[in-house]
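Here is a short briefing on selected local features of one protein chain. Keep the sequence and the structure open while reading.

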Amino acid sequence: MKHLLFDDNGEFKAGSVLSEAGASLQIELASGKRVKIKSAQTLLRFDAPAAEALLPAARALADEIDADFVWECAPQQEFGFEELARDYFGHAPAPVEATALLLKLHGAPVYFHRKGRGRFRPAPPETLKAALAALERRRQQQETIEAQAQAMAAGELPPEIAAQAAGLVARPDKSSLAWKALERALALTRQTPERLLLALGAFDSPRSLHVARFAAEYFPHGFGFAACADALAGATGRLAALPLAEAEAFSVDDSTTTEIDDCLSVQPLADGRWRVGVHIAAPGLAIAPGNGLDALARERMSTVYMPGDKVTMLPEPVIAAFSLDAGREVPVVSLYVDLDAQGERVVSRHSRAERIRVADNLRHDLLDGAFGENALDEDALGGDAPIGHPQGEALRVLWRLTLALAAQRERVRGKPEPRARADFSFYVERANGDERVRIVQRRRDAPLDRIVAEMMILANSEWALMLADHGVPAVYRSQQAGRVKTGTHPLPHQGLGVPQYMWTTSPLRRYADLVNQRQLLAVLAGEKPPFGRNDAGLFSVISAFEARYGAYLEFQQRMERYWCLRWVAQEGLRRVEAVAVRDDLVRLAGAPLYFRLPGAPEIAPGRRLVVDLLAIDEVDLSVEARFVDFGAAPGADEPLDGGEDALVEQVA
């Protein structure tokens, strides 16, 4: 016979025999290509029809064969396709008939299991039933996917997609029906997941999109808290028994701060010197390691900040119980430092847990000009002119100490701190469904900011020294060769110019501070600290905290960038003034919006320039801008991007 059908790695081919030598044959395919095969690959030899006509005719006939009927007719044991073809057709099968049945058997693996070239065995009834049910489910799922994709392409949002929208733009399960439907819709519309879902109304604004994506990844059960026990349960008596401090304290914060966890006090001593107190809210007195509140705080690791909103680490009732609000007596951990006669050097210090009465909550953004640079400059502080505020004299004492401590740290650093850096405060005002944002620039070297920063650095370094002297591990922070590290042993912090450092001053907002506070409280009480040397639990806390805290900071920066873009659109800005940072990176002069100016001439850092904002995108947070001209020459007060400065490590 001059033609044959053969198996070429699972693909059936037909050709004409040119030569045959032992177990090898040379075949010419319909395309004219010549191939060499083994005789074991041969399935069928025939003279007619022509080789190129066999498979097309067999495929047409195979389409008419019902797989269910063939399965019922097939023997239960292994068989060859020609054997079954003889029974199925009722006569010796023609080449086209035998090939058609082979194609049907080969193309129905659910019904027939392949046992070798041209040989099969029917699937057991239960196996077939399960496989057919799976195929039906798959068919129905595919129909659902296609229906949902077509609906989205037509501008409709299926409820199933709406319910999973946040997860689909965060960490989608790519094996889910919802993702497959969205993926199909993306192919139809040529859009990104974020833009398509936003257009369909899954999110009411780009802001909602950014927040929902973050929540889906880090708060899959929502931002709220499950019901928790009273924060003071079991600790009420111990807190009430704490001694009441002689001094009254005051805090200095932004008006948006509701978790007030630090305040200050100044007391005159009998010999005319001053005693300065740094007082930190003490939730560590009530939140024991491993209890329900501790588990909540450990899961979140930190308060999440964003303009106009925040997600607290602790439930509001707990914050209310320990926040240092004016008019209350609140449990605190206090550091007292006695100053020398000049009020510039610490000569003694002691710490204790106590209650303190908070007399005032100062809001630096609401204070009048009496607390501006003019009232608190060196000339005013060195004179006798009164400051028109109840805390005026205390602020004078604190300012003098701040300057002395900062100078001492700068000598260790070997260079001045870059205090010219600007800060920006965001105020989001919501009314009647509308959102407007104000961005207010504030210099980090403002006296009130510097006082708070320096006192927090003092407390954090002094308490780190106390734990180090007692050989107690904690979540210490260090900086060497420009790199900030977190570890369980104290090391110098070169950026701050202190020999040891840790975060302790925000226990209502950061879990690392809460952990450190409990270590500190144990030392003050002469008790065994919750974490000992080389405690695996403490290493676990550090690892989890750094991962979460970094993610939260990144989200905060993204949301600040979003609100910068909203502000640009809200104010209708097009031609604006910017400040060069480095290379082609610039920042708006009036907002912390950084972007690149490709093709701009070489610009010195700090130089002002004029740019046109060509396009902004609130979804991908991008800016397209064009250089127009140089602006004013750089001045000494230009805020530049200068790496990590000392104020980064303090608690605002």
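Asn534 lies in the loop between α17 (511-525) and α18. The model is predicted. In that model, the phi of Asn534 is near 55°, a positive value in a residue that is not glycine. Asn534 has a relative accessible area of 62%, over the 50% cut-off, so it counts as exposed.

**Backbone exceptions**

- Most residues other than glycine have a negative phi, and most peptide bonds are trans.
- Asp583 also goes against that pattern, with a positive phi of about 50° although it is not a glycine.
- Asp583 sits in the loop between β20 (575-582) and β21 (585-588).
- The relative accessibility of Asp583 is 66%, so this residue is exposed.
- Ala48 and Pro49 are joined by a cis peptide bond, with omega about 0°.
- Pro49 belongs to the loop between β5 (42-46) and α1 (51-62).

**Helix α18 and its partners**

- Two packed helices are described by the angle between their axes and the distance between the axes.
- Helix α10 (residues 206-218) packs on helix α18 (residues 536-571) at an angle of about 175°, and the axes are 10 Å apart.
- An angle over 145 degrees counts as roughly antiparallel, so α10 and α18 are roughly antiparallel to each other.
- On the α10 side, the contact is made by Pro206, Arg207, His210, Val211, Arg213, Phe214 and Tyr218.
- On the α18 side, it is made by Arg548, Ala551, Tyr552, Phe555, Arg558, Met559, Tyr562 and Trp563.
- By class, the contact of α10 with α18 has ten nonpolar residues, one polar and four charged.
- Helix α12 (residues 292-300) also meets α18: their axes come within 8 Å and cross at roughly 55°.
- That angle makes α12 oblique to α18.
- Arg298, Glu299 and Arg300 of α12 make the contact with Gly537, Ser540, Val541, Arg548 and Tyr552 of α18.
- The contact of α12 with α18 divides into two nonpolar, two polar and four charged residues.
- Arg548 and Tyr552 of α18 are listed in the contact with α10 and in the contact with α12.

**Helices α3 and α4**

- How do α3 and α4 pack, and at what angle? Helix α3 (residues 81-89) and helix α4 (residues 95-106) meet at about 110°, with axes 9 Å apart.
- The two helices are therefore roughly perpendicular.
- The crossing of α3 and α4 is right-handed.
- From α3, the contact uses Phe81, Leu84, Ala85 and Phe89.
- From α4, it uses Glu97, Ala98, Leu101, Leu102 and Leu105.
- Eight residues of the contact of α3 with α4 are nonpolar, none is polar and one is charged.

- Ser265 is part of strand β10 (residues 262-268).
- Is Ser265 buried or exposed? Its relative accessibility is 0%, so Ser265 is buried.
- Beyond four places in sequence, Ser265 touches Ala247, Glu248, Ala249, Arg275, Val276, Gly277, His279 and Tyr336.
- Arg275 is part of strand β11 (residues 274-281).
- The relative accessible area of Arg275 is 23%, so this residue is partly exposed.
- Which side chain makes a polar contact with the side chain of Arg275? That of Asp338 does, at 2.6 Å.
- Leaving out residues up to four places away in sequence, the contacts of Arg275 are Ser265, Val266, Gln267, Leu269, Tyr336, Val337, Asp338 and His350.
- Tyr336 touches Ser265 and also touches Arg275.
- Arg275 and Arg438 are 163 residues apart along the chain, and their C-alpha atoms are separated by 39 Å.

**The α16 residue Ala468**

- Ala468 is found in helix α16 (residues 447-469).
- Ala468 is partly exposed because its relative accessibility is 28%.
- Beyond its neighbours within four places in sequence, Ala468 is in contact with Tyr476 and Pro490.
- Ala468 and Pro490 are 22 residues apart in sequence, and their C-alpha atoms are 6.6 Å apart in space.

Conventions: Residues numbered from 1 in each chain as written. Predicted model: local features only at pLDDT ≥ 70, side-chain atom pairs only at ≥ 80, totals over all residues. Heavy atoms only, no water. Helix = DSSP H or I, 4+ residues; strand = E, 2+ residues; numbered from the N terminus. Buried < 20%, exposed > 50% of the residue type's maximum accessible area, 1.4 Å probe, protein only. Contact = heavy atoms within 4.5 Å. Axes fitted to C-alpha atoms, helices over the stretch in contact; angles between N-to-C directions. Parallel < 35°, antiparallel > 145°, perpendicular 65-115°, else oblique. Left-handed = near helix turned anticlockwise from the far one by under 90°. Nonpolar A, V, L, I, M, F, W, Y, C, P; charged D, E, K, R; others polar. Polar contact = N/O pair within 3.5 Å; in protein donor to acceptor, adjacent residues only side chain to side chain.
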